[in-house]
Amino acid sequence: MLLKLVSIVALVILTFGYSYSFLLLDIYGSTALTQEDGHLLLRTYCVYVVFLAVNGITEGFMFAVMSQERVDRHNRFLTVSSLLYLFVSYVFTGVFGSVGLIFANCINMSVRIGCSLKYIWDFFSTTSFNPIRRSLPSGSLLVTFVIVLLLTALSEACFCCGHGWPWKLLHVGVGLICLCCLLSAIVFIERDLCQFLHQRLPRTVTTRLDFIVNHF
């Protein structure tokens, strides 16, 4: 459940980060940041956040159940992959510029995630329990993420950001509506996840959440 939670949070960041990076940098630094590739860097980093979220949980579980011998062997593998990462970073920054460094990090995280998932798969291979499948967001929720991403990207193309503040606020309004719809979809689709959070959040927080759900 924890992997599903951080994956959904990371996907929310990616979904809205893609369409609102330019607006955020435009507000923060005006044309000083938006004329260069600042918004492209921020968008790409939002993709990298997804890799970070998944790797943090999967690698944490792997290290928690590994024997010391396997940990030492994996650390040697990480040393080799770090050297390959430096080479890929050098090549990608030469081809793609500063965005290439984030691409290289995404590839590095992908390799580490792949190793972690294989270890987890082998660890549970003798049981009927499949934690990887249970940790993935449902297909209907992923479709909802795609729809929200397309709507916010369309809003950015139509309203942001060279038409003045009224259009920027309209773009923000579209994002808020989409965020509310997305959060509602998460609550209704991922009921097991909501139950998981309900059991582990402090009682004062869960009481307020129940009040909001029951009254709105």
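Contact here means heavy atoms within 4.5 Å. By that criterion, and not counting residues up to four places away in sequence, Ser116 touches Thr58, Glu59 and Met62. The structure is a predicted model, in which local features need pLDDT of at least 70, side-chain atom pairs count only at pLDDT 80 or more, and totals for chains, interfaces and linings use all residues. Residues are numbered from 1 along each chain as its sequence is written, and side-chain values use heavy atoms, with hydrogens and water left out.

**Overall architecture**

The chain contains 10 helices and zero strands, where helices (H or I, at least four residues) and strands (E, at least two) are DSSP runs numbered from the N terminus. Along the sequence the pattern reads α-α-α-α-α-α-α-α-α-α. Of the 216 residues in the chain, 36% are buried; buried means under 20% relative accessible area, exposed over 50%, and partly exposed in between, with a 1.4 Å probe and protein chains only. Among contacts with a separation of 6 or more, 70% are between residues 24 or more positions apart.

**Ser116 and Cys115 in helix H5**

Ser116 belongs to helix H5 and counts as buried because its relative accessibility is 0%. Cys115 also lies in helix H5, which spans residues 99–123. When neighbours within four places in sequence are left aside, Cys115 is in contact with Met62, His74 and Phe77. The C-alpha atoms of Cys115 and Asn55 are 60 residues apart along the chain and separated by 9.9 Å.

**Cysteines**

| Residue | Relative accessibility | Class |
|---|---|---|
| Cys106 | 8% | buried |
| Cys115 | 25% | partly exposed |
| Cys158 | 43% | partly exposed |

A disulfide is a covalent bond between the sulfur atoms of two cysteines. In this model a disulfide is assigned to a pair of cysteine sulfur atoms within 2.5 Å, and the count by this rule is zero.

**Packing of helix H3**

Two packed helices are described by the angle between their axes and the distance between the axes. Axes are lines fitted to C-alpha atoms, for helices over the stretch in contact, and angles run from 0 to 180 degrees between N-to-C directions. The axes of helix H3 (residues 38–65) and H5 come within 8 Å and cross at roughly 25 degrees. H3 and H5 are therefore roughly parallel to each other, given that angles under 35 degrees count as roughly parallel, over 145 as roughly antiparallel, 65 to 115 as roughly perpendicular and the rest as oblique. The residues of the contact of H3 with H5 divide into 21 nonpolar, six polar and two charged. In this scheme Ala, Val, Leu, Ile, Met, Phe, Trp, Tyr, Cys and Pro count as nonpolar, Asp, Glu, Lys and Arg as charged, and the others, Gly among them, as polar.

H3 also packs with helix H4 (residues 68–96), at an angle of about 140 degrees and with the axes 10 Å apart. Glu59, Met62 and Phe63 of H3 and Val71, His74, Asn75 and Leu78 of H4 make this contact. Its residues comprise four nonpolar, two polar and one charged.

**Leu23 in helix H1**

Leu23 is found in helix H1 (residues 2–29) and is buried, with a relative accessible area of 4%. Leaving aside neighbours within four places in sequence, Leu23 is in contact with Cys160, Cys161, Lys168, His171 and Val172. Leu23 and Cys160 are 137 residues apart in sequence, while their C-alpha atoms are 7.1 Å apart in space.
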